[in-house]
Amino acid sequence: MIQTRQVVPIQGWVEQTVLRLPQSTAVIHADQQLTYRQLNERANQLAHYLRLQGAGPDQLIGVCLERSCDLIIALLAILKAGSAYLPLDLSYPTARLGYMLNQAQAPLLLTQTRYQATLPKTDARVICLDEIGRQLEALPTQNLTSTTQPEHLAYLIYTSGSTGQPKGVAMPHRSLVNLLQWQLRSSHAGAGSRTLQFTPVSFDVSFQEIFGTFCSGGTLVLIDEVCRRDPFKLLQYIGNQHIERLFLPFVALRQLAEAAAIQNSAPQRLTEVITAGEQLRITPEIVRWFEAMPRCSLHNHYGPSETHVVTALQLTGNPKDWPALPSIGYPIDQVQAYLLDTEQQPVAAGEVGELYFGGSCLAKGYLHRPEITSERFISNPFSPGRLYRTGDLGRRLPTGEIEYLGRLDQQVKIRGYRIEPAEIE
């Protein structure tokens, strides 16, 4: 097990899996499969290419690709090159994509030829992966010498901004490695499990899906958008592909459970369902679905993009006894949770306070937004380091669990995405 005090960058974890399981299947998409060796070699070739284009530490590289093996290769290659990835969702308005690329000052953008016409005009140099295939084939397949330090960025993910402009959350390797270490210790799915890649890469949960799978030697199964958005097709796909671990927001979980009730279907290989992004509610359909899957556990993860996952709760026992509104659980490893009043002083047990988090979980801040960073990331008055002020309300239950009680402001969640009314306006 890699120790936190000796932080190996994310790509190093994947390379260790390649050494252990070179012939195991790493990625499946439609009729295409990649072993860990094939994934690693193709990512190495692209990483060498990116290094030749000047890629290096804390440099952001845009990625605008549909869910595919090329997308997964690109994300890993960017990390191997020592840079950080900036996911660009093809469904976003062109103006938003342009703002993200310009604000991030990304010099490179990986995409496909067919998407060029829809991309905004920016200073980023566009690299179409389908046009450089022969150049990549001529490059080395060996691992690159790592230049990555724990505080270097791994990704930049934009969230909705209260000022009307999206904010880029800059997440370093150190925080994400801590999350991976905790996930590997706490997961019930087991090494080698098949995980569905359900969430868009612009949603931070995708990092857990992808790299949590690779670090455990599992298989990542990609899904197309048509199947992803149809709960009946999704349910069938989960069964047909023998999916064992599933991450999804509550609204998708509810729809899936409702589809299961109609079809009387319960995938028996499914052993772990993780929901995050919005408040979990236990509906009658969810109760019946998990009753039909006694080997499957349900986990409630909580954490804003600025911290990724900071608390977790495993629901145990008879699903009929689960609370209608489960708590968000307990802090994960190396994370400190505080409930503070308006004077940033601790509230008494059972009283409502604002949630603050510190420890090995924090983003570096908002890229090129020092004034907002200083507002939300404050000095920790209780121990060395910083705290992130979430804007979420909660209280500590007698069990030590944290109960989520909503927002201080007008922010809302839609399918797990944070939406600020000011940005819509």
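Apart from residues up to four places away in sequence, Gly400 touches Gly329 and Tyr330, a contact being heavy atoms within 4.5 Å. The structure is a predicted model, in which local features need pLDDT of at least 70 and side-chain atom pairs count only at pLDDT 80 or more, whereas totals for chains, interfaces and linings use all residues. Residues are numbered from 1 along each chain as its sequence is written, and side-chain values use heavy atoms, with hydrogens and water left out. Gly400 lies in the loop between strand S20 (386–396) and strand S21 (402–407); helices (H or I, at least four residues) and strands (E, at least two) are DSSP runs numbered from the N terminus. Between Gly400 and Ala349, the C-alpha to C-alpha distance is 9.1 Å, with a separation of 51 residues in sequence.

The largest nonpolar core comprises 77 residues, of which Leu46, Leu50, Phe211 and Phe214 touch the most other members. Such a core is a set of buried Ala, Val, Leu, Ile, Met, Phe, Trp, Tyr and Cys residues joined through side-chain atoms within 4.5 Å; buried denotes under 20% relative accessible area (1.4 Å probe, protein chains only). Helix H3 (residues 69–80) supplies the largest share of this core, 10 residues. A second, separate core of 34 residues includes Cys227, Leu248, Ala259 and Phe290.

A search of the whole structure finds 0 disulfides, a disulfide being a pair of cysteine sulfur atoms within 2.5 Å. The closest cysteine sulfur to that of Cys69 belongs to Cys227 and is 16 Å away, too far for a bond. Cys69 is buried, with a relative accessible area of 1%.

Conventions. Buried means under 20% relative accessible area, exposed over 50%, partly exposed in between (1.4 Å probe, protein chains only).
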